[in-house]
Amino acid sequence: MPTILLTAPYMIPARERFQPVFEHFGLDVIVPAVEERMEAAELLAYAGQFDATICGDDRYTPEVLAACAPRLKVISKWGTGIDSIDREAAVGMGIQVRNTPNAFTLPVSDTVMGYMLAFARRQPWMDREMKAGRWEKLMGRSLSECTLGVVGVGNIGKAVLRRARAFGMKLLGCDIVPIAPDFLLENGVEMVALEELLARADFVSINCDLNPTSRHLINARTLKMMKPTAVLINTARGPIVEQSSLEAALAAGQIAGAGLDVFEFEPLPKDSPLLHMDQVLLAPHNSNSSPAAWERVHWNTLRNLLDGLGMDPADLARFQNA
């Protein structure tokens, strides 16, 4: 009987719902206590005990993978991002790494628009003033008066740009790979270098993958290139932004604000200066929130798991439609 390590925090609460699936396919399931992710040391405690895993952003380092091999056959990632898994090392050890591409494009791109509207129209701040008994009109902007710069024009970046176009924004994009000319022409997107994007944009949205070229892409040097009236939005991965440099830039008034769904260290430490900054909007890595999207990912993750174990996933349909 294959053993599964279930550590995906979005799927663990629904474990009982999927228990009939595990039983049908003869899978034994280990469910550790998980807050946000399993660190390498925590995973090492389970090394050699499981044949496959349904994981979140767990730290599958080369050391962890070596300790789990050769028993571990497949890592089925709940969601899209696999930056926490050393895929090259995994493939070299014969361990499959599977995920759900394009899983959260719609809710994440909606979240970016929500941040831009909040900062442009000042609604969270006016709500705060009203509830404190103060009738104070804060100056807002129309998004049509603003320029958006999107760093990373992949599935989510494109969705953000399409939404922003409907608001009449000036659109800039930046990417290390060529973007289809028809998308750029149809949506009025101007591709520029990162330095130019940062200098011109009123809102900078981070939508690239986390990889060696993007880690700390936004740092003390690049933050200095932004307008003092600009707002940084990160719904991608925390380590793309060097958090200490962002905190310093915000404290010094170097940029006007930030909308952050992800952080370099998660959960965000309780002593983080960000928690006390009025010009910052924070969320607990939740821009993927969508019942419909989560449902698709649940079942696709199970399908990837079974397929990776050499089992026919066709029977999943009878449980999915039950």
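Predicted model: local features only at pLDDT ≥ 70, side-chain atom pairs only at ≥ 80, totals over all residues.
The side chain of Arg17 meets that of Glu295 in a salt bridge, with 2.3 Å from N to O. This pair links distant parts of the chain, since Arg17 belongs to helix α1 and Glu295 to helix α12, 278 residues apart. Glu295 is likewise partly exposed, with a relative accessible area of 26%.

## Helix α12

Helix α12 comprises the 18 residues 291-308, which at 1.5 Å a residue should span 26 Å, and the distance of 26 Å between its end C-alpha atoms agrees with that expectation. Its buried residues include Ala293, Val297, Trp299, Leu302 and Leu306, and among the elements that cover the buried residues are β1 (3-6), α1 (15-24), β3 (52-55) and α13 (316-320). The helix is followed by Gly310, which has a positive phi near 80°.

## Other salt bridges

A search of the whole structure finds 18 salt bridges. In one of them, the side chains of Asp278 and Arg128 meet at 2.1 Å, N to O; Asp278 lies in the loop between β11 and β12 and Arg128 in helix α6, so the pair ties together parts 150 residues apart in sequence. Asp278 is partly exposed at 45% relative accessibility, and Arg128 is partly exposed at 39%.

Lys77 and Asp57 also form a salt bridge, at 3.1 Å from N to O, and it links strand β4 with the loop between β3 and α3, 20 residues apart.

Conventions. Residues numbered from 1 in each chain as written. Heavy atoms only, no water. Helix = DSSP H or I, 4+ residues; strand = E, 2+ residues; numbered from the N terminus. Expected span 1.5 Å × (residues − 1). Buried < 20%, exposed > 50% of the residue type's maximum accessible area, 1.4 Å probe, protein only. Contact = heavy atoms within 4.5 Å. Salt bridge = Lys/Arg side-chain N within 4 Å of Asp/Glu carboxyl O.
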